[in-house]
Amino acid sequence: MSDQAVLLLNLGSPKSTEVADVRSYLKEFLLDERVIDAPTPIRNLVVRGLILPTRPPKSAAAYKRVWTDEGSPLLVTSFNQQKLLQEVVDMPIALAMRYGEPSIANVIGDLVSKGIKKLFVMPLYPHYAMSSYETVVVRVMEEVQQQAPNMETTLLQPFYKDEDYIEALVGRSQPWLEKDYDMLLFSFHGIPERHLRKSDPSHAHCLTTKDCCNHCHPAHATCYRHQCFETVKAFVAKAGIPESKYKVSFQSRLGRDPWLKPYTDFVLKDFPKEGVKKLLVMCPAFISDCLETVEEISMEGKEDFLEAGGETFEQIPCLNDHEIWISWMANRINAWARETAQQAS
Ligand SMILES: C=CC1=C(C)c2cc3[nH]c(cc4nc(cc5[nH]c(cc1n2)c(C)c5CCC(=O)O)C(CCC(=O)O)=C4C)c(C)c3C=C
Ligand SMILES: [Fe+2]
Ligand SMILES: [Fe+2]
């Protein structure tokens, strides 16, 4: 029996679309200090006093629009990824979510009880953000420290511009890129501008100049905006898309603070006035389609664009459980297993 295993990680969804389940999911999510990063008493006040009494019915209604007979798209796709990967990789593939179920604590407990000693931790986020990659890694490491301090862990690094990832993304997108379109919009999940400054270890680079993300700097190791731009740069170079035919925007903002701009909803409404009638959209911050790509973009975003005078709206699905993506994950796991074997010999 192998003492190696893989842990796939993603964000998580509520247990059901019932308002009470959505409220308890949002409570765990938004009380995370890396998501709402105000001092604890203020975070408690904002989340418990302002957000939880008002937002859950609205979020539950949005989840109802995307929920399938099998459950939340994000969870269904994640379980499919796990199953398909298990068919081609010769070691246990576990799956856990940062919020909700399957919980990181239970899944690590399960791996420990199976005698796993070496773990490849795969956060399924291409880019570094304190509210996505960092929080899930910190949570996994806390749990490993507590339950299995001697377990050897290797961490999949953000892969936003890796050649194999860009190839996978372009390969997956190819059938849509061959269609006739005026503009390709790369819509990334947004984050508050404050998070970008906080994640800059120098506290002297991110957002200090307009084009900071284009000037080489160590801060880019943790700069979400830089990493999003790099994904786009590499994608358009590989796919041969000219500068006049693409744009980058940021979606899903919450609250009144400034988030990364331009905002996707504004861009979608402005496009038709600028002559963009045939639109292609993709959301590369997400490996799997979820509430944010389905409800916010394919439903709401499409409606906004068409109502403003757009003619066609096509969306490239996320990598999901496409064979290109399963092969990508399998290759990374096999590379890790080879390195581990070499180190042991
Ligand atoms: C301060 C709030 C939020 C930050 C910062 C944030 C960053 C962030 N989120 C994702 C990925 C996902 N977010 C999803 C849903 C979602 N996100 C927020 C808030 C912040 N996200 C909320 C409140 C919600 C829940 C829905 C709602 O009420 O609007 C999802 C979808 C989950 C699903 O079940 O389908 C994903 C995925 C990233 C990658 C990220 C930072 C880069
Ligand atoms: Fe989010
Ligand atoms: Fe930057």
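Modeller: 23 residues of domain 1 are in contact with 24 residues of domain 2. This is a predicted model, where local features need pLDDT of at least 70, side-chain atom pairs count only at pLDDT 80 or more, and totals for chains, interfaces and linings use all residues. Residues are numbered from 1 along each chain as its sequence is written, while chains are lettered from A and ligands numbered from 1 in the order in which they are written.

Colleague: What makes two residues count as in contact?

Modeller: Their C-beta atoms, placed from the backbone, lie within 7 Å.

Colleague: Which domains does the chain have?

Modeller: Domain 1 is 4-158 + 322-344, and domain 2 is 163-315. Such bounds come from an automatic or database domain assignment. The C-alpha centres of the two domains lie 23 Å apart.

Colleague: Which residues are closest to ligand 1?

Modeller: Ser13, Ser59, Ala129, Cys290 and Leu291 are the closest of the 22 residues that surround ligand 1. A residue is near a molecule if its C-beta atom, placed from the backbone, lies within 6 Å of it.

Colleague: Why do you say that ligand 1 lies between the domains?

Modeller: Domain 1 and domain 2 both give residues to the shell around ligand 1, so ligand 1 lies between them.

Colleague: How many residues of each class does that shell have?

Modeller: The shell around ligand 1 has 13 nonpolar, seven polar and two charged residues. Ala, Val, Leu, Ile, Met, Phe, Trp, Tyr, Cys and Pro count as nonpolar, Asp, Glu, Lys and Arg as charged, and the others, Gly among them, as polar.
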